[in-house]
Amino acid sequence: MAITNATNDVTTTFVRYSSFLGMLYVSNMEHEALINEAKIHAGGESEVKKGYQGNKGDSSSAKAIVYLRDKGLTSCKVSGHLTGARVIEREIEGRKTPYLNVSLKDEEGKYVISVALNQAAAKMLARKLANAEPGVETEITMFATYGQKEGAARAFANHGASVRQYGKEVVSLNPKDSLVPQVNAAITALKNAGVDDPETISKRRQAVELQFHLGLMTEVEQKFSDFYATREIPANGHEVGMDDVPFADDLDDGIPF
C-alpha cells in the first residue's frame with residue numbers, strides 16, 4: 001500500500017527499519033498495527049527492548065518475525081534512481097532526533113527510507129552513501145545478524161546496510177580511518193580527567209559517533225546539491241520535506257521497536 005502525496009500526485013511509499021525485527025519494511029497504518037500486534041505476541045515492551053536476537057528459535061524477535069510472516073509482512077529491498085539523501089531533525093518525545101532520509105524514484109513513484117541516525121544500520125548506510133553516486137539505479141537494504149564471536153561471553157546483534165550500484169556493492173567509508181581516532185581521543189580525554197564510569201564513556205562514544213555521521217551527511221547532501229546544480233535540475237525534486245515522514249509522533253527514537 002503506497003501513500004499518495006496530494007500536492008503533486010506522486011505515489012510515495014515510506015520505508016522504515018526496525019532494529020527489533022532486523023528488517024526494512026514498508027510503513028503504513030496497516031503494517032504499523034501488525035507490528036504492534038507482533039510486539040505484544042513476542043512478550044511486550046520488556047522483550048522488545050532486548051533488541052534483535054535472531055530470526056530462529058524462541059527469541060522474542062523470532063516470534064515477532066514469524067507472526068508477521070504469517071500475516072504477510074516480510075522484509076523488503078528498495079530500488080530505483082537514488083535522488084536524495086539528507087538528515088531531517090524531528091522532535092520525538094521532547095527530544096530533537098536526527099533522521100537519515102534517503103529517497104529513490106522509479107516509474108511507479110517515490111520511495112523514502114527514514115531511519116534514526118543513531119541506529120547502527122543508519123550509520124553504515126550513511127557511510128555507504130558517502131561513496132554512492134547520485135541519480136543512478138540503486139538498491140538499498142538494511143538488515144541484522146545475530147551471533148557470538150569467538151571468546152565473547154554472549155551473542156550480539158549486528159545491524160548493517162547494503163547499497164548496490166552498477167551491479168556492485170558500494171564500498172563503505174572506513175570508520176577506522178577517521179571515526180575510530182576521534183572516538184579514541186574522546187575516551188582518552190575522559191580517562192585523563194579521571195572519568196572511567198562505563199556509562200559515561202558509552203554516552204561519550206555515542207555522541208562522537210553521531211556527530212561524525214552528522215558531519216558526513218552534510219557532505220553527502222552537498223554532493224546531491226552539486227549533482228543537481230551541474231545538470232540544471234531543480235533541487236526540490238530530490239529533497240524530502242518535513243511532511244514526507246509518516247507517523248511523525250511514533251517514529252523510532254533509537255530504542256529498538
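**A residue to start, then the helices**

Modeller: Valine 66 counts as partly exposed, at 35% relative accessibility. Buried means under 20% relative accessible area, exposed over 50%, and partly exposed in between, with a 1.4 Å probe and protein chains only.

Colleague: Where does valine 66 lie?

Modeller: Valine 66 lies in helix α3, residues 60–70. Helices (H or I, at least four residues) and strands (E, at least two) are DSSP runs, numbered from the N terminus.

Colleague: How far apart are valine 66 and asparagine 55?

Modeller: They are 11 residues apart in sequence and 7.9 Å apart in space, C-alpha to C-alpha.

Colleague: Before we go on, what are the ground rules?

Modeller: This is a predicted model, where local features need pLDDT of at least 70, side-chain atom pairs count only at pLDDT 80 or more, and totals for chains, interfaces and linings use all residues. Residues are numbered from 1 along each chain as its sequence is written, and side-chain values use heavy atoms, with hydrogens and water left out.

Colleague: Fine. How many helices and strands does the chain have?

Modeller: Six helices and nine strands. The chain has 257 residues, and 45% of them count as buried.

Colleague: And contacts across the sequence?

Modeller: Take the contacts with a separation of 6 or more: residues 24 or more positions apart account for 65% of them. Contact means heavy atoms within 4.5 Å.

Colleague: Helices next. At what angle do α5 and α6 pack?

Modeller: About 145°, with the axes 9 Å apart. Helix α5 is residues 175–192 and helix α6 is residues 198–230. Axes are lines fitted to C-alpha atoms, for helices over the stretch in contact, and angles run from 0 to 180 degrees between N-to-C directions.

Colleague: Is the crossing of α5 and α6 left-handed or right-handed?

Modeller: α5 passes α6 in a right-handed crossing. A crossing is left-handed if the near helix is turned anticlockwise from the far one by less than a right angle, and right-handed if clockwise.

Colleague: Which residues meet there?

Modeller: From α5, they include Leu179, Val183, Ala186 and Leu190. Among those in α6 are Ile201, Val208 and Phe212. The contact of α5 with α6 divides into eight nonpolar, four polar and four charged residues. Ala, Val, Leu, Ile, Met, Phe, Trp, Tyr, Cys and Pro count as nonpolar, Asp, Glu, Lys and Arg as charged, and the others, Gly among them, as polar.

Colleague: What about α4?

Modeller: Helix α4, residues 120–129, is mostly covered: eight of its 10 residues are buried. α4 and α6 pack at about 35°, with axes 9 Å apart. This crossing is left-handed. Lys123, Ala126, Arg127 and Leu129 of α4 make the contact with Glu209, His213, Leu216, Met217, Val220 and Lys223 of α6. By class, that is five nonpolar, one polar and four charged.

Colleague: New topic. Is asparagine 101 buried or exposed?

Modeller: Buried, with a relative accessible area of 0%. Asparagine 101 lies in strand β5, residues 95–106.

Colleague: What does the side chain of asparagine 101 make a polar contact with?

Modeller: The side chain of serine 114, at 2.9 Å. A polar contact is a pair of N or O atoms within 3.5 Å; within protein, one must be able to donate a hydrogen and the other to accept it, and residues adjacent in sequence count only if both atoms are side-chain atoms.

Colleague: And glutamine 165?

Modeller: Glutamine 165 counts as buried at 6% relative accessibility. Its side chain makes a polar contact with the side chain of threonine 138, at 2.9 Å.
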